[in-house]
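Colleague: Could you take me through the nonpolar interior of this model, slowly and with the terms explained? I would like one connected account that I can follow beside the picture.

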Amino acid sequence: MTLTVAEAQREFSAGVAYLNTATYGLPPRAAHEAMLAAERDRAAGLMVPTDLDEAVTRSREAFARLLGVPAARVACGPQVSYFVGLAAASLPAGTEVLVADGDFTSLLFPFAARPDLTVRSVPLERIAEEVRAGTGVVAVSAAQSADGRIAPIDDLIGAARAHGARILLDATQAAGWLPLPAGRVDWLVAGGYKWLLGPRGTCFLTGTAEALDALPAIGAGWYAGADIWDSVYGLPLRLAGDARRLDLSPAWQCWAGHAPALELLGRVGVEAIHDHDVALARRFAAGLGLPPGDSAIVAVTVPDGTAELLRRNGVIATVRAGRLRCAFHLTTTDADVDKAVELLAPLVGT
């Protein structure tokens with residue numbers, strides 16, 4: 001059953017104007033309660049791990065539906081850098097990896113940690129035109145963490161295909177609000193605790209069948225087995241035949257708290273959430289005399305101490321890369337935006 005944005009907003013209970021989803025997303029009530037219930041069961045000695053596997057499966061399937069990919073091509077893990085590390089480990093020595101200046105380090109460091117790779121950093125706005133014959137991989141965030149700038153994804157796909165390069169798209173700041181061409185990039189990774197509204201400790205990887213097959217299962221453990229609970233002891237190696245071979249053993253309570261959140265997002269739909277989020281971001285920008293953008297994140301130059309001033313007045317945002325970063329999501333309302341604008345208008349540009 002589908003939900004409108006207004007109906008979905010009734011599932012959240014924050015008592016502040018929350019403009020900080022780019023740091024962590026708020027859980028819908030059912031997700032919050034599911035995670036607490038799993039932890040209460042653990043404390044009571046009643047937690048059943050095999051039952052919580054269902055939450056991992058539900059999360060995998062819900063993420064696949066949001067991104068429009070088969071669930072068999074989705075791996076579940078805890079952090080972005082683990083999955084990026086698999087991509088980095090798959091590359092032959094001498095490969096050039098093209099990245100964007102100032103991108104998030106969980107996307108950059110796994111490549112930079114290999115001294116036999118060439119990591120070339122260029123301005124985001126030029127990343128598509130900087131793809132060249134020697135480029136092996138382009139690794140870039142779909143939306144920049146610091147300020148919300150959107151990567152030129154369509155141009156990048158065309159340039160990468162023309163030069164035989166693979167694309168690794170970090171969708172941590174995009175999945176859940178920005179429609180993404182997941183079926184047209186080689187690898188896509190997304191941390192689950194921001195716009196996907198999960199607890200910290202969930203992450204997803206998807207991609208083309210060919211690109212996923214190229215990743216070494218160097219983190220494989222029992223949860224990557226073909227039959228999970230029959231893969232706990234002993235050889236031979238018996239990994240899953242699909243993307244699950246790249247899974248890491250789950251922190252069960254986190255996945256219990258993520259499945260209901262992903263399912264809620266799916267009931268609203270990414271297109272509706274995108275329109276809501278960007279409309280709020282533009283309302284915010286207009287109120288501060290800023291030009292309209294195409295992102296759900298707006299970065300504003302403000303005096304030191306502004307984030308603390310906002311918090312004292314019930315508005316939550318954060319400072320990144322020297323600017324106030326405000327993020328607008330399903331949980332945000334017009335009233336939240338207007339409250340923030342009222343507080344910020346006298347400060348912007350001072």
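Modeller: In the largest nonpolar core, which has 68 residues, Ile127, Leu180, Leu188 and Leu196 touch the most other members; such a core is a set of buried Ala, Val, Leu, Ile, Met, Phe, Trp, Tyr and Cys residues joined through side-chain atoms within 4.5 Å, where buried means under 20% relative accessible area, with a 1.4 Å probe and protein chains only. Helix 3, residues 49-67, gives this core its largest share, seven residues, a helix being a DSSP run of H or I of at least four residues, numbered from the N terminus. Because domain 1 (5-27 + 269-344) and domain 2 (42-266) both give residues to this core, it lies between them; the domain bounds come from an automatic or database domain assignment.

This is a predicted model, in which local features need pLDDT of at least 70 and side-chain atom pairs count only at pLDDT 80 or more, while totals for chains, interfaces and linings use all residues. Residues are numbered from 1 along each chain as its sequence is written, and side-chain values use heavy atoms, with hydrogens and water left out.

Leaving aside neighbours within four places in sequence, leucine 188 is in contact (heavy atoms within 4.5 Å) with residues including Phe63, Leu67, Leu169, Phe204 and Leu205. A second, separate core has 27 residues, among them Leu86, Val99, Ala139 and Leu215.

A search of the whole structure finds zero disulfides, a disulfide being a pair of cysteine sulfur atoms within 2.5 Å. For cysteine 203, the nearest cysteine sulfur is that of cysteine 76, 9.1 Å away, and cysteine 203 is buried, with a relative accessible area of 0%.

Methods. Buried < 20%, exposed > 50% of the residue type's maximum accessible area, 1.4 Å probe, protein only. Helix = DSSP H or I, 4+ residues; strand = E, 2+ residues; numbered from the N terminus.
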